[in-house]
Amino acid sequence: MATAIGPAYLLTLGRWRRRLGIAPQYRALAALVPGVSQVDNKSDFLGKRPHRRHPGILQLSCVQVPKVLVDATQLLLLESSIPNMEKQVQALTNYLWSRHLPVEPEELQRRAVHLEKKFMENADSCQMEKLCGEVLHALRRTTYHWQELSYNEGLSLVYMAARLDGGFAAVSRAFHEIQARLPEFQPQTLMDFGSGTGSVTWAAHSTWGQSLREYMCVDSSAAMLELAEKLLKGGSGSGMPYVPGVFFRQFLPVSPKVQFDVVVSAFSLSELPSKANRTDVVQTLWRKTGHFLILVENGTKAGHSLLMDARDLVLNGKDKSSLDPRPGFVFAPCPHELPCPQLTASKPLACSFSQAYHPIPFSWNKKPKEEKFSMVILARGSPEEANRWPRITQPVLKRPRHVHCHLCCPDGHMQHAVITARRHGRDLYRCARVSSWGDRLPVITPSELPPSPAQDPPER
């Protein structure tokens, strides 16, 4: 029997919902937050710091490129005679951002077979001779034409003007993740694969300049290496480099015994022509890794998918030629080693982050910008060595008396948590309210909670 609900009851219900700070459509979602049930306060950090400085805060303020590098960049552009620099910079930026991965030969063959079957259904005997030509024409029309970029002197300068500051900001954020969580880590050696203009070297020097003594820059383009060296020397071909201990080479070191404390590949894996090439390079980079392997790409579906392939390759540990027996685990951003929930969702999304930065002040480039990027940081050792706190994967929505957080949780699932002080406690609510996209929420999941003490049965 249906029961009529009067307006007075609806009004009372609405008042209680507003009083709780929960919008009607999110009331059910708030009950999902047992997955983030209480603040992880093992080290009593809440008794020593304000909530706005909880240890899950990882967002950097607006990144500033070192003035020495800014001056060198501007000097090199003034001395160049490249016409329409602003238009070329914009064109290259758009091209790099919209670039897809090259189609693999197996996928190309599968498409050709599919088109051949489709055309054969509608073809008569006189058209069979033209079938091959039609299939090739259709493939050219529907397949992404990936081309390898050849960086000569001119294109290297355009790339410098377009991407040096954004790349510096993204890599600085990745380095900050390690420095903030492991301040005792002081690397001495670093290798940068696909070093380009040297933004990784500059960012590493800004972060760990006191301890780093060797920077190995590897890039197949001789023009890029020459430009990076000029930037280190203030824009000239002579003089002392601003960062000491930087070495340049066009090929990866061959010896399997040589390892570096930090190995970086920033926006370089997407420049390789096939999955087989990427597999070889990732395995080589992991063999060269002593502590951390940092991979950064554009914050697109293509960039994120590429990084997840590299992540799975390292975690599966099938490279038998490695001399380092230590396994790998995901240090950031994932709080787990399970399949990425962003890729397995019904509508796959790129797991990306955003970093604000002050661009190099060219005539067309003066307002602060945001660099959107994807990253994965792999570490040698055991996952038990790292805190597995959920990662905030989207901008935090702050509403009156409640906060919306989209979390990637240690159980390998995404969670939309609606956090209120009344339901989840003041500490968790305030920590969530001051957190940002890319931060970690310092909470304990149900599997980490201590077991409740056994109770004696009541006496009868």
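Me: Why are α7 and α8 called oblique to each other?

Reply: First, a heads-up: this is a predicted model, where local features need pLDDT of at least 70, side-chain atom pairs count only at pLDDT 80 or more, and totals for chains, interfaces and linings use all residues. Residues are numbered from 1 along each chain as its sequence is written, and side-chain values use heavy atoms, with hydrogens and water left out. Now, the axes of α7 (residues 153-181) and α8 (residues 199-208) cross at roughly 40° and come within 9 Å. Angles under 35 degrees count as roughly parallel, over 145 as roughly antiparallel, 65 to 115 as roughly perpendicular, and the rest as oblique. So α7 and α8 are oblique. Their crossing is right-handed, too.

Me: What makes the contact between α7 and α8, and which kinds of residue are in it?

Reply: Contact means heavy atoms within 4.5 Å. On the α7 side the residues include Leu164, Phe168 and Val171, and on the α8 side they include Trp202, Ala203 and Trp208. The contact residues divide into ten nonpolar, six polar and no charged. Here Ala, Val, Leu, Ile, Met, Phe, Trp, Tyr, Cys and Pro count as nonpolar, Asp, Glu, Lys and Arg as charged, and the others, Gly among them, as polar.

Me: Why is Glu177 called buried?

Reply: Buried means under 20% relative accessible area, exposed means over 50%, and partly exposed is in between (1.4 Å probe, protein chains only). Glu177 has 0%, so Glu177 is buried. Arg391 has 2%, so Arg391 is buried as well.

Me: And what makes Asp427 partly exposed?

Reply: The relative accessible area of Asp427 is 31%, so Asp427 lands in the partly exposed class. Asp427 forms a salt bridge with Arg426, with the closest N and O atoms 3.9 Å apart.

Me: Which residue meets Arg99 in a salt bridge?

Reply: That's Glu271, at 2.8 Å from N to O. Both Glu271 and Arg99 are buried.

Definitions and conventions:
Axes are lines fitted to C-alpha atoms, for helices over the stretch in contact, and angles run from 0 to 180 degrees between N-to-C directions. Helices (H or I, at least four residues) and strands (E, at least two) are DSSP runs, numbered from the N terminus. A crossing is left-handed if the near helix is turned anticlockwise from the far one by less than a right angle, and right-handed if clockwise. A salt bridge is a side-chain nitrogen of Lys or Arg within 4 Å of a carboxyl oxygen of Asp or Glu.
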